[in-house]
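Q: Please show me the structure, and then we can go through how its features are read.

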Amino acid sequence: MRLPRCCLGRRAYLLWPILLILLFGAALTALLPPAEDHGSDGVMGALRRAAPKKFSLAQKRHAADFSEEDKFTVIIQTYNRTDILLKLLNHYQAVPHLRRIIIVWNNVGEQTPVKLWNSLGPHPVEVVFKEQTSNQMRNRLQPFAEMDTDAVLMLDDDSLVSVPDISFAFSVWKQFPDQIVGFVPRKHVSSPSGVYSYGSFEMQDPETAGGDKYSMVLIGAAFFHRRYLQLFHDQPQEVHALVDETQNCDDIAMNFAVSLYLRKQSKSNRINTPSGVFVKPVDLRNLEKDASSGYQGMWHRPEHLLQRSYCLNRLTQIYGFMPLSFSNLMVSQFGFPSYANHKTRG
């Protein structure tokens, strides 16, 4: 029985796409490598061998060691601010590259909140509590055995630094690993009589209307190399006595120690590298008012600034000269690098 021509036309119309698909599949098959070239497991075996191989144990260890170089340790000294401390610990758990948090516990005779902290775990970042036998300012500047990263981020127990600020400052520290890289700059002010006073850093110099300069970066919110913990420990006994006498100025003494170290490391005595690099923070908060204890920091004491001026002059006497040098470098997330020069137009 013959089919109508219209039916044959429809069949031919349906067969053409099928034939094209078969021809395309055959062409792709011809492009694949022969199975005998890759052993008895054929194409799938070749694909498995082409996939990335697993690291050996030695390679894994090397990768782990390399990753440790890209981490840092936080040190927080605390006294009578446990409620704020727990908020800070929770906040800093989210910081990238953070290896460990060391809490210098200055509440002598009081239990640490370690049981409470551990009961609410697990936590991404390990927290170590170091109980102290005395409430001294310089307790935080010890070469702790738990330190296994070159980078140290020291933070006050009433300061909250945003995660982006910390990450950016860490990237800046990796460019300046021999200096203190932090968010709070200060300066020494000289006088014709040779007596120094402690001054704040202004975005604009009141005399020249140009950018101001700083000669110190305070360690209460700063990165520095862990070698400086041992360096501070090795400073003259008079320096430690001064810090203990005033319960102040450990940050000024650290800037002196770093300046002297950089001066010794410099190949040219004519070039004095500043002790620190100022990173302008975007979000740095003070949580002191949130403390249920009502404890106020030392900077509220009426003699605080007078003590810091006293320390500048006393340290100059101990070392025999003023080693601090000025800088106007200000590193900002919205322009790297820039300078503290905010002179108004006109």
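Q: In what order do the 3 strands of the open sheet lie, and is the pairing parallel or antiparallel?

A: Strands of a sheet pair through backbone hydrogen bonds, in a parallel or an antiparallel way. Here the order is 8-7-9 and the pairing is antiparallel. Strand 8 (197–200) and strand 9 (216–217) are the edge strands, each pairing on one side only. Helices (H or I, at least four residues) and strands (E, at least two) are DSSP runs numbered from the N terminus, and two strands pair if DSSP finds at least two bridges between them. This is a predicted model, in which local features need pLDDT of at least 70 and side-chain atom pairs count only at pLDDT 80 or more, while totals for chains, interfaces and linings use all residues. Residues are numbered from 1 along each chain as its sequence is written, and side-chain values use heavy atoms, leaving out hydrogens and water.

Q: Over how many bridges do strand 7 and strand 9 pair?

A: Strand 7 (residues 185–189) pairs with strand 9 over 2 bridges. Pro185 has Val217 in strand 9 as its bridge partner. Helix 10 (residues 304–319) packs on the sheet and touches strand 7, strand 8 and strand 9; contact means heavy atoms within 4.5 Å. The direction of helix 10 makes about 120° with that of strand 8, where axes are lines fitted to C-alpha atoms, for helices over the stretch in contact, and angles run from 0 to 180 degrees between N-to-C directions.

Q: Which cysteines does the disulfide join?

A: A disulfide is a pair of cysteine sulfur atoms within 2.5 Å. The structure holds 1 disulfide, joining Cys249 to Cys311 at an S to S distance of 2.1 Å. Cys249 sits in the loop between helix 8 and helix 9, and Cys311 in helix 10, so this pair, 62 residues apart, links distant parts of the chain. The link of Cys249 and Cys311 is right-handed, with 85° about the S-S bond. Both Cys249 and Cys311 are buried, that is, under 20% relative accessible area, against over 50% for exposed and in between for partly exposed (1.4 Å probe, protein chains only).

Q: Why is Gln247 classed as partly exposed?

A: Gln247 is partly exposed because its relative accessible area is 23%. Gln247 lies in the loop between helix 8 (237–246) and helix 9. A polar atom of the Gln247 side chain is 2.8 Å from the backbone oxygen of Asn135. Gln247 and Asn135 are 112 residues apart in sequence, and 9.2 Å apart in space, C-alpha to C-alpha.

Key:
Polar contact = N/O pair within 3.5 Å; in protein donor to acceptor, adjacent residues only side chain to side chain.
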